[in-house]
Amino acid sequence: MRDKIKEWLKIIIAAIVIAGAVSIFVQPVLVDGSSMFPTLKDKDYLIVNKLMYKLDEPEREDIIVAKSKLLDENNKNKKIVKRIIGLPNDHIVIEDGYVYVNDKKLDEKYLDDSYTIGNIDIIVPNDEIFVLGDNRSNSRDSRDSSIGTIKISDIIGKVVIRILPINKVTVFD
C-alpha cells in the first residue's frame, strides 16, 4: 500500500511540475467579442506563446494578447486580442478609410471590409505598439483614447494557434 501511495505522489508531483512549466510558456485565452472578425470569432479558444517577445521583437500583423488600460469587473486590466499595425517610431495615418504606415498604404488581406473609421496621425512612441482589431467598425483599439498605444511590456504573448472550435483549428505565423 505504501508503494502505491509513493507512486501516486510521484505522478501528482510530476503533473504539477509539468503544468507549472507549461504555464510559463503558454496561456489559453478565450476570445470575448467580435473585434477580430473575420480572423477570430467570439468564443474562439486560443493558445498564446508567452515567451515569444522575450526572445524576439513584435512584428507588424502579429495577433497578440495584451493588458489594456480598460478595467474588468474585478478592477484588473482587461486583456485584449488585437493585430499589431504599428511598431515603435512608425508613423501611422488613418484617413479616408485607409491605414498608412510610414507613408505606405497597408494591403490588409485579412479584412472583410477594408474601410477603417477614424482620423489618426501619430508617431508610435518608443517601446510601444499601435494595434487594431480586424473588425474595424466594431473594435476598441489604439484609435480609442481609452486604449491608445500599448506598451510592449504589456504584451502577454503572441497568438500561435486557435484550437477551438475544432473545425476551425488554425496555426498563426
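1. Lysine 43 sits in the loop between S1 and S2, where helices (H or I, at least four residues) and strands (E, at least two) are taken as DSSP runs and numbered from the N terminus. Its phi is near 75°, a positive value in a residue other than glycine. The model is a predicted one, in which local features need pLDDT of at least 70 and side-chain atom pairs count only at pLDDT 80 or more, while totals for chains, interfaces and linings use all residues. Residues are numbered from 1 along each chain as its sequence is written, and side-chain values use heavy atoms, with hydrogens and water left out.

2. Other backbone points deserve a look alongside this one. Aspartate 127, in the loop between S8 and S9, has a positive phi near 65° and is likewise not a glycine. A cis peptide bond with omega of about 10° joins phenylalanine 37 and proline 38, and proline 38 lies in the loop between S1 and strand S2 (45–49). Another cis peptide bond, with omega of about 5°, joins leucine 164 and proline 165; proline 165 belongs to the loop between strand S11 (155–164) and strand S12 (170–171). As background, most residues other than glycine have a negative phi, and most peptide bonds are trans.

3. Strand S4 has pairing partners that include S3 and S9, two strands being paired if DSSP finds at least two bridges between them. Strand S3 (residues 63–71) and S4 pair in the antiparallel sense over six bridges, with valine 65 standing opposite valine 81 in S4. The two strands form a hairpin with five residues between them, and asparagine 75 in the turn has a positive phi of about 65°. The pairing of S4 with strand S9 (residues 128–132) is also antiparallel and runs over three bridges; isoleucine 84 has valine 131 in S9 as its bridge partner.

4. How many of the 10 residues of S4 are buried? Seven of them are, so S4 is largely enclosed by the rest of the structure; buried means under 20% relative accessible area, exposed over 50%, and partly exposed in between (1.4 Å probe, protein chains only).

5. The largest pocket holds about 470 Å³ of space and is lined by 19 residues, of which Asp32, Lys78, Lys79, Ile80 and Val81 lie nearest its centre. The elements that give two or more residues to this lining are strand S1 (26–30) and strand S4 (77–86), and the largest share, five residues, comes from S4. A pocket here is an open set of points on a 1 Å grid over the protein atoms alone, with protein on both sides within 12 Å along at least five of seven lines, and lining residues have an atom within 4 Å of a point.

6. Four strands form it in the order S7-S6-S5-S8, with antiparallel pairing. The edge strands, each pairing on one side only, are strand S7 (104–105) and strand S8 (120–123). Strand S5 (residues 91–95) and strand S6 (residues 98–101) are paired in the antiparallel sense over four bridges, and glutamate 95 has tyrosine 98 in S6 as its bridge partner.

7. Finally, valine 17 is found in helix H1 (residues 2–25) and is exposed, with a relative accessible area of 55%.

How values were computed. On a 1 Å grid over the protein atoms alone, a cavity is a set of points where a 1.4 Å probe fits but cannot get out, and a pocket is an open set with protein on both sides within 12 Å along at least five of seven lines; lining residues have an atom within 4 Å of a point. Grid points are joined across faces, edges and corners, and a volume is the space filled by probe spheres set on the points.
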